[in-house]
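Here's a quick briefing on one protein model and what it holds. Have the structure open while you go through the points below.

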Amino acid sequence: DSEPKREDLQRIMELMDGFKASKALFTASKLCVFDLLHRSPGLDSAQMAQEIKASVKGTECLLEACVSLGLLKSKDRKCQKPVYENTDLAVRFLRSDASYSLHGYIQHCNNTVWPLFSHLESAVLEGSHQHEKAFGKKTNDLFQDTYYNNQEIKLRFMRAMHSIAKVTGKDVATAFDLSTFKTACDLGGCTGAMAYEFTEAHPGLTVTVFDLPAVVEMIEHFRPQHKDNRVSFVAGDFFQDELPKADLYILARILHDWSDEKVHSLLSKIAQTCTPGCGLLLSEIFLDEDRKGPCRGLLQALSMSVGKQRSAAEYTLLLKSHGFITAHVRHTDNLLDAMLCIRV
Ligand code: SAM
C-alpha cells in the first residue's frame, strides 16, 4: 500500500469530526453565546461563563472550538485571557434576531434531528424512522402527533421553518416570471415567511397561507413589522378540507414529507380545484437524476421519514399524472430548488 495522501486523510478526519463541530455550534447557539457577544463584544471566558451560568473550563473550551470553526474571533491580551467577538458569519446567521438568522433551524437540528440521527443505525437496519426510540412515542402524522402537541415544540418547529424560509424565500419567489398570476395559495405555508417574499417580489400578487389550525393560531409571533395586507391566513387540513381558490398553488418543502400515496391524494385535490392555466410552484431540494447528490438531500433522506427525497424528473412524473406540465425547473444555488408547472 502506498502512503496515504495527506488530503485524503484530512477528508476522512473532517467527516469523523463533523458531528463534534455540529454539536459545538448547536450548544453555543442554545446557550446564546452569539447573542451575548453581539450585545457585549469582548467578553472573556470567565465573564461568558458567568453570563451563561456554565463552568469556566467548559466555556473556555466551547469558545476556543468556536474560534477554530470560524464562528468567533479571539483577541489576545497581555498576560490575560483572550476576549471574544462574533465573526461576520455569526453576526449574519447565528444571532437570534438577525434578519437571516438560522437560530431557529439550529435549535430544531439540536432537539429533533440530532436525537433521530443518533439512532441512524436502527433506522438503516429497519428502514423506518426512529421517532419512537428518540422521543418515546409513536407517530402517524409527524406534525399533528409530534410537533404540534406541545406549545414549546410547536413554536420551535415554526421558528425552524421560518428561518429557512427567510433565507431561501427570495430566491424561490423570484425564480420565475409569475406576472400572469394574481392570487396564490401557499399550502403548508407555516408562518407566512415565504408568502411575504412572494408579495414583495410580485406587486400584483396576493397570497393566502393555508396551514393547520395549530399553526395559524400562532402567526402573531411571526408577523413582520410592516404588515402586508396582501398576505392572509386560512386554517385547515390540506388532506381533508376544501382548498382556497387561487391561480397559483405553492408547495414549498411539503411533498418530501409524504409517501407517494399521500402526494397523489394532495395533488389530485389541487388538480380538482385548479382550472386550466393555473400554476403550481414546487420548491424542494431536487436530487440529481443519477442520485449522486446533492449531499444535503441524500443526508436528509437518511432520517427515514415516511416521505422521501425525489429528483426533478420524479416530481415531474408525479405532477404529470395529475395534469400538470412542468414548464421550468430552476436550481437556485440556494438551499431549495424550484419548478413551475401549469395545469393543462
Ligand atoms: N412551506 C413552509 C416552508 O417552506 O417554510 C413550511 C414547510 S414545513 C416542512 C411543512 C408545513 O406543512 C408545516 O407548516 C405544516 O404545519 C404543514 N402541514 C402539515 N400537514 C398539513 C396538513 N394536513 N394540512 C395543512 N398543512 C399541513
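Tyr 148 puts a polar side-chain atom 2.5 Å from an oxygen atom of the ligand. Bear in mind that this is a predicted model.

**Around the ligand**

- Arg 253 also reaches a ligand oxygen atom, with a polar side-chain atom 2.6 Å away.
- Asp 237 goes for nitrogen instead: one of its polar side-chain atoms sits 2.9 Å from a nitrogen atom of the ligand.
- How much of the ligand does the protein bury? It's 98% of the 590 Å² that the ligand exposes when taken alone.
- There are 19 residues around the ligand, and the ones that come nearest are Tyr 148, Gly 188, Asp 211, Ala 252 and Arg 253.
- Sorted by class, that shell has 13 nonpolar residues, two polar ones and four charged ones.

**The second largest pocket**

- This pocket holds about 980 Å³ of space.
- It's lined by 34 residues, with Ala 98, Ser 99, Tyr 100, His 162 and Lys 166 closest to its centre.
- Which helix gives the most to the lining? That's α10, with nine residues.
- Four helices each supply at least two lining residues: α5 (88-93), α6 (103-117), α10 (151-173) and α11 (193-201).

Methods. Residues numbered from 1 in each chain as written. Predicted model: local features only at pLDDT ≥ 70, side-chain atom pairs only at ≥ 80, totals over all residues. Heavy atoms only, no water. 1 Å grid on protein atoms, 1.4 Å probe; cavity = no way out; pocket = protein on both sides within 12 Å on 5 of 7 lines; lining within 4 Å. Points joined across faces, edges and corners; volume = space filled by probe spheres on them. Near = heavy atom within 4 Å. Polar contact = N/O pair within 3.5 Å; in protein donor to acceptor, adjacent residues only side chain to side chain. Areas by Shrake-Rupley, 256 points an atom, 1.4 Å probe, with all protein chains shown as cover. Nonpolar A, V, L, I, M, F, W, Y, C, P; charged D, E, K, R; others polar.
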